Amino acid sequence: MQAFLKGATVQATRPQKDKAAAGPSTEKKAKAIPWVEKYRPKCVDEVAFQEEVVAVLKKSLEGADLPNLLFYGPPGTGKTSTILAAARELYGPELYRQRVLELNASDERGIQVIREKVKNFAQLTVAGTRTDGKLCPPFKIIILDEADSMTAPAQAALRRTMEKESRTTRFCLICNYISRIIEPLTSRCSKFRFKPLANQIQEERLLEICKKENLKYTKESITALVQVSEGDLRKAITFLQSAARLNVDKEITDRAIVEIAGVVPVKMIDNLLQICFRGTFEKLEVAVKDIVDEGYSATQILSQLHDSIIEQDLNDKQKSAITEKMAVVSKCLSDGADEYLQMLSLCSVIMQQASEN
Ligand SMILES: Nc1ncnc2c1ncn2[C@@H]1O[C@H](COP(=O)(O)OP(=O)(O)O)[C@@H](O)[C@H]1O
Ligand SMILES: [Mg+2]
C-alpha cells in the first residue's frame, strides 16, 4: 500500500507543476525536470498520430463507457502519456489520486500485489460526481504500465479481478510486446496499437520544444535527431536535451547529435564491410577490435551493419544467412555476451558469405 500512496502523491502534485510550467519563462528555467516530463501531452488532444485511441478516449470523456484497455507498441510513442492525460481529464487533479492506481515495472507486481493491492483498490466503490460538481465516470482506473514484465501467475490472478470488478473498475494495461500478455487478458481488453511516430510529427514536436526552450539549432540537426531515434520520440527529446546542455549559447548541429547518440561514423562501417568483402581474417580481427575499442556499443554497430548490408550487392540467400546470424548475435548480446567476440563472429559470417560471390 505504501508504494501506491507514494505514487499517488507524486501524481497529485503533477498538475500543479504543469500550471507552473505554463507561467513566465524565467520560472521555467529554474525547474530541472527532464523535458520528456515537461513536454508530456497534458490532454488527450495533444497526443499526436494515434487517432484511433484518441477517438475512443474522447468518446468516453464525453460520457460514454470505457472498455478495459490494452496499449501496445514500441517505446516512446505516447502510451503512458495518453492514459495519464485521459485520466487527468476524466477526474481532474483532486479526484485523480483517489481514482487512479498506477503501478509500473519498478513496483513489485508478483501475484501477492495483484491479490492485495489491486483487489483492494478495485473493490472500493465510487460516486459519479466530482468535488467541483462536475460529472465524472462512476469507475476507477488501474494502470498497469509495462505489463509484459508481469509474471504469468500474476497475469492469471488479474483475470478474475478484472471480471469481478468490472462494475467499478477499468484496467489499462500497457506493454511493448503484446505476445507476452496471456491470451485470457488480451481477450478482455480493447487493443490499441501505437504506431512509431512519423518523421514529420516528430519534427513538429521537436521544433516546438526548440522554440519554447529558445534553442539555436540547424535544420540538419532536427533531421538527424529524427533519424537516430527511429520513431521513439522519448529518445529524440532526451537527445535534444543533452545536446542543449552541451551546447549552451552555441548552435546545435547534426554532428553534435550524432556524437551524443553514439552513432558509428559511416566511414567506419564502410571500412569494416570493405574488409569483410576483400580483406583477410587478420585484418578483420584488427578492424573489429578497433571499432569496439572506440567504445561504440555492439548493438549500435549491429543495427548500422544491418542497414548497410541490405543495401549491398549480395543475393537474397547471402543476405538472409547474414541477417539470421545478426538475430543470433543480437540475442547473445542482450544476454550479456562479449561484444568483441560477437562482432567478430558476425563479421566472419559476412566474410564467408561474400566470398561465395
Ligand atoms: N504520440 C505522441 N504525441 C505527443 N508526444 C509524444 C507522443 N509519443 C511520445 N511523445 C513524447 O515522448 C515522451 C514519452 O512518451 P511516453 O508516453 O512515455 O511513451 P511510451 O509509449 O514509451 O509510454 C512524452 O514525454 C512525450 O513528450
Ligand atoms: Mg511508458
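So, Thr-80: one of its polar side-chain atoms sits 2.6 Å from an oxygen atom of ligand 1. I'm calling that a polar contact, which here is a pair of N or O atoms within 3.5 Å. Before I go on, the housekeeping: this is a predicted model, where local features need pLDDT of at least 70 and side-chain atom pairs count only at pLDDT 80 or more, while totals for chains, interfaces and linings use all residues. Residues are numbered from 1 along each chain as its sequence is written, chains are lettered from A and ligands numbered from 1 in the order they're written, and side-chain values use heavy atoms, with hydrogens and water left out.

Okay, back to the ligand. There are backbone contacts too: a polar backbone atom of Thr-77 is 3.2 Å from an oxygen atom of ligand 1, and one of Gly-78 is 3.0 Å from a nitrogen atom of ligand 1. How much of ligand 1 does the protein cover? On its own the ligand has 560 Å² of accessible area, and the protein covers 98% of that, going by Shrake-Rupley with a 1.4 Å probe.

Now, who's in the shell? Near means a heavy atom within 4 Å, and 19 residues are around ligand 1, with Val-36, Ala-48, Lys-79, Thr-80 and Ser-81 coming nearest. By class, that's nine nonpolar, five polar and five charged; Asp, Glu, Lys and Arg are the charged ones, Ala, Val, Leu, Ile, Met, Phe, Trp, Tyr, Cys and Pro the nonpolar ones, and the others, Gly among them, are polar. Domain 1 (44-193) and domain 2 (199-261) each give at least three residues to this shell, with bounds from an automatic or database assignment.

Next, the sheet. It's open, with five strands in the order 2-3-4-1-5 and parallel pairing. Strands are DSSP E runs of at least two residues, numbered from the N terminus, and two of them pair if DSSP finds at least two bridges. Which strands are at the edges? Strand 2 (100-103) and strand 5 (190-193), each pairing on one side only.

Strand 1 (residues 69-72) pairs with strand 5 in the parallel sense over four bridges, and there Tyr-72 has Arg-193 as its bridge partner. Strand 1 also pairs with strand 4 (residues 169-175), again parallel and over four bridges, with Leu-70 opposite Leu-173.

How values were computed: Polar contact = N/O pair within 3.5 Å; in protein donor to acceptor, adjacent residues only side chain to side chain.
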